[in-house]
Amino acid sequence: MNHKKLIAPIIITIFLVILLMFYFFLCMMIPIPIPLKIIFLLVLIALIGVSVYNLCERIQEIRSGEEDDLSKY
């Protein structure tokens with residue numbers, strides 16, 4: 001297995017999670033009602049979850065040797 005192909009998806013996912021966490025902390029500094037903050041937090045948690053799920057799927061694709069997604073279509 002080529003570990004070099006795993007580096008980019010992992011780095012991009014880490015960067016995206018850090019960016020989404022930054023947005024959340026920035027939102028906490030803005031004076032908006034608590035229910036909106038909770039909704040915003042839930043949306044960001046969902047986005048982080050989807051990003052991590054997508055990373056796991058991509059890692060499985062790379063490990064199985066199915067790197068070209070266009071070959072499915």
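**View 1. Ile 32 and its contacts in the loop.** Setting aside neighbours within four places in sequence, Ile 32 is in contact (heavy atoms within 4.5 Å) with Cys 27 and Lys 37. Ile 32 is found in the loop between H1 and H2, and at 29% relative accessibility it counts as partly exposed, where buried means under 20% relative accessible area, exposed over 50% and partly exposed in between, with a 1.4 Å probe and protein chains only. The model is predicted, so that local features need pLDDT of at least 70 and side-chain atom pairs count only at pLDDT 80 or more, while totals for chains, interfaces and linings use all residues. Residues are numbered from 1 along each chain as its sequence is written, and side-chain values use heavy atoms, with hydrogens and water left out.

**View 2. The two helices, H1 and H2.** Just after H2, Gly 65 takes a positive phi of about 85 degrees.

**View 3. Buried residues between H1 and H2, with Thr 13.** In H1, the buried residues are Leu 6, Pro 9, Thr 13, Val 17, Leu 20, Phe 24 and Cys 27, and the buried residues of this helix pack against H2 (34-64). In H2, Lys 37, Leu 44, Ser 51, Leu 55, Ile 59, Glu 61 and Ile 62 are buried, and what covers them includes H1. Thr 13 has a relative accessible area of 11% and, not counting residues up to four places away in sequence, touches Ser 51 and Leu 55. Buried residues make up 19% of the 73 residues in the protein.

**View 4. The salt bridge of Glu 61 and Arg 58.** The side chains of Glu 61 and Arg 58 meet in a salt bridge at 3.0 Å, N to O, the term requiring a side-chain nitrogen of Lys or Arg within 4 Å of a carboxyl oxygen of Asp or Glu; by this rule the count comes to one. Both residues lie in helix H2, three residues apart, about one turn of the helix. Glu 61 is buried, with a relative accessible area of 16%, whereas Arg 58 is partly exposed at 26%.

**View 5. The nonpolar patch and an aromatic pair.** Phe 15, Leu 16, Leu 19, Phe 22, Tyr 23, Leu 26 and Ile 30 form a nonpolar patch on the surface, with about 650 Å² of accessible area together. Accessible areas come from the Shrake-Rupley method with a 1.4 Å probe, and for residues only the protein chains shown count as cover. Patches are made of residues with over 30% relative accessible area and no salt bridge, like charges being joined within 9 Å and nonpolar side chains (Val, Leu, Ile, Met, Phe, Trp, Tyr) within 5 Å. A search of the whole structure finds two aromatic pairs. Phe 22 and Tyr 23 form a tilted one, 6.4 Å centre to centre with 45 degrees between the planes; rings of Phe, Tyr and Trp (its six-membered ring) pair if their centres lie within 6.5 Å, and planes under 30 degrees apart count as stacked, over 60 as edge-to-face and the rest as tilted. Tyr 23 is partly exposed, with a relative accessible area of 39%.

Note on methods:
Helix = DSSP H or I, 4+ residues; strand = E, 2+ residues; numbered from the N terminus.
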